[in-house]
Amino acid sequence: MFGFVVHGSHLMQFARAVGDLDPAFEDVGRLASTGPDALVAPPTFLMAADHFDPTYSRRPRPGVAWLGSRQAGEQKSGFHMEQHFTFHRPVRAGDVLTADSRPGATWERSGRRVGTMTFSESLTDYRDSDDVLVATARWVSALVERNPDAEAPSPVSADSIVAEEDSAAIDLAVGSAWSVVLSEGLTRAQIVMYAGASGDFHPLHSDDVYARLHGHPGVFAHGMLTMGMTGTAITDRFGHASVLSFGGRIILQVWPGDTLTARVEITGLRDGEGGGTVAELAIVTRNQHGAQVFSGVATVQVD
């Protein structure tokens with residue numbers, strides 16, 4: 001358990017890192033405001049709580065051995081497969097939260113393309129200074145025992161990406177969909193920005209030598225950077241305070257130079273528990289080759 005302070009300047013840095021262009025994140029007055037009407041955080045901002053975790057392993061710490069370029073093969077860690085957030089109220093600038101994590105379920109699955117996958121989940125509750133639950137995050141990781149005879153997934157034709165209307169013109173109706181270009185040639189600089197904003201400095205995302213020693217052509221984007229960018233396709237349309245939940249599966253690595261496009265579809269409309277209407281969304285993000293890199297769902301309060 002540890003404390004987590006939501007600073008306006010940190011929200012600005014995080015928003016820049018995930019490509020959130022809401023002008024409120026550049027407004028000094030809004031960044032400095034606190035209270036019930038203060039600036040709302042991007043939906044994946046709670047990942048930045050890692051800055052405040054004194055034992056976080058993906059941040060270099062004085063006197064603690066760090067994952068280095070010369071180390072390969074001896075580090076066994078899980079792949080981040082899924083991330084889910086449920087919000088009981090928006091996370092706002094000025095919040096002082098307490099993060100309390102606990103282990104969740106574990107399970108195994110076998111497949112043709114990979115060997116046995118062992119999944120485990122971690123649940124983190126975020127409570128405010130009045131001990132009121134603000135949000136819960138669910139992290140799912142997997143250890144993979146690869147099948148040496150596994151077939152590579154078939155590429156998806158770029159022709160499968162269907163252009164949609166601009167989101168501003170979309171009616172609030174089941175089946176309505178729109179596409180948003182998230183990045184036209186992802187830069188290494190943005191990956192570095194995300195590492196700094198989130199606190200995740202894992203060398204697979206920052207150290208080319210380490211990445212190559214582990215069988216990759218070089219560094220690649222954090223899965224949560226992909227998810228964070230995808231979240232802007234929701235908040236640009238509905239606003240940050242409207243997001244009730246956002247979660248999904250990290251499917252493929254995203255590399256420097258990739259162009260990402262998110263498609264959002266309204267899959268359901270229902271009455272909200274506190275009144276108004278809640279929209280259920282399905283979101284798929286693809287790269288320039290048409291391959292899915294992220295698939296998720298969200299719920300938003302629309303009125």
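User: In what order do the 10 strands of the open sheet run?
Analyst: The pairing is antiparallel; two strands count as paired if DSSP finds at least two bridges between them. This is a predicted model, in which local features need pLDDT of at least 70, side-chain atom pairs count only at pLDDT 80 or more, and totals for chains, interfaces and linings use all residues. Residues are numbered from 1 along each chain as its sequence is written, and side-chain values use heavy atoms, with hydrogens and water left out. The order is β1-β3-β4-β5-β2-β7-β10-β9-β8-β6.

User: Which are the edge strands?
Analyst: Strands are DSSP runs of E with at least two residues, helices are runs of H or I with at least four, and both are numbered from the N terminus. An edge strand here pairs on one side only. The two are β1 (2-5) and β6 (177-184).

User: By what angle are neighbouring strands of this sheet turned against each other on average?
Analyst: Axes are lines fitted to C-alpha atoms, for helices over the stretch in contact, and angles run from 0 to 180 degrees between N-to-C directions. For this sheet average, direction is ignored. The value is 25°.

User: Over how many bridges do β3 and β4 pair?
Analyst: β3 (residues 96-110) also pairs with β1, over four bridges, and G3 stands opposite T98 there. On the β4 side, S110 stands opposite T116. The antiparallel pairing of β3 with β4 has 11 bridges.

User: Which residue of β7 stands opposite E82?
Analyst: β2 (residues 79-87) and β7 (residues 243-250) pair in the antiparallel sense. Their pairing runs over five bridges. Opposite E82 stands R249.

User: What angle does the direction of α5 make with that of β7?
Analyst: Helix α5 packs on the sheet. It touches β2, β6, β7, β8 (259-271), β9 (277-286) and β10 (292-301), where contact means heavy atoms within 4.5 Å. With β7, its direction makes about 145°.

User: How many of the 16 residues of α5 are buried?
Analyst: Buried means under 20% relative accessible area, exposed over 50%, and partly exposed in between (1.4 Å probe, protein chains only). α5 is largely enclosed by the rest of the structure, because its buried residues number 13.

User: Which residues have the most contacts inside the largest nonpolar core?
Analyst: A nonpolar core is a set of buried Ala, Val, Leu, Ile, Met, Phe, Trp, Tyr and Cys residues joined through side-chain atoms within 4.5 Å. The largest one has 60 residues, and its largest share, seven residues, comes from α5 (residues 223-238). Those with the most contacts inside it are L46, I234 and L281.

User: Which helices do the buried residues of α1 pack against?
Analyst: Seven of the 10 residues of α1 (residues 8-17) are buried, so this helix is largely enclosed by the rest of the structure. Among them are L11, M12 and F14. They pack against α2 (28-32), α3 (188-198) and α5.

User: What is the relative accessible area of D131?
Analyst: D131 lies in the loop between β4 (116-127) and β5 (133-144). Its phi is positive, about 65°, although it is not a glycine. D131 is exposed, with a relative accessible area of 54%.
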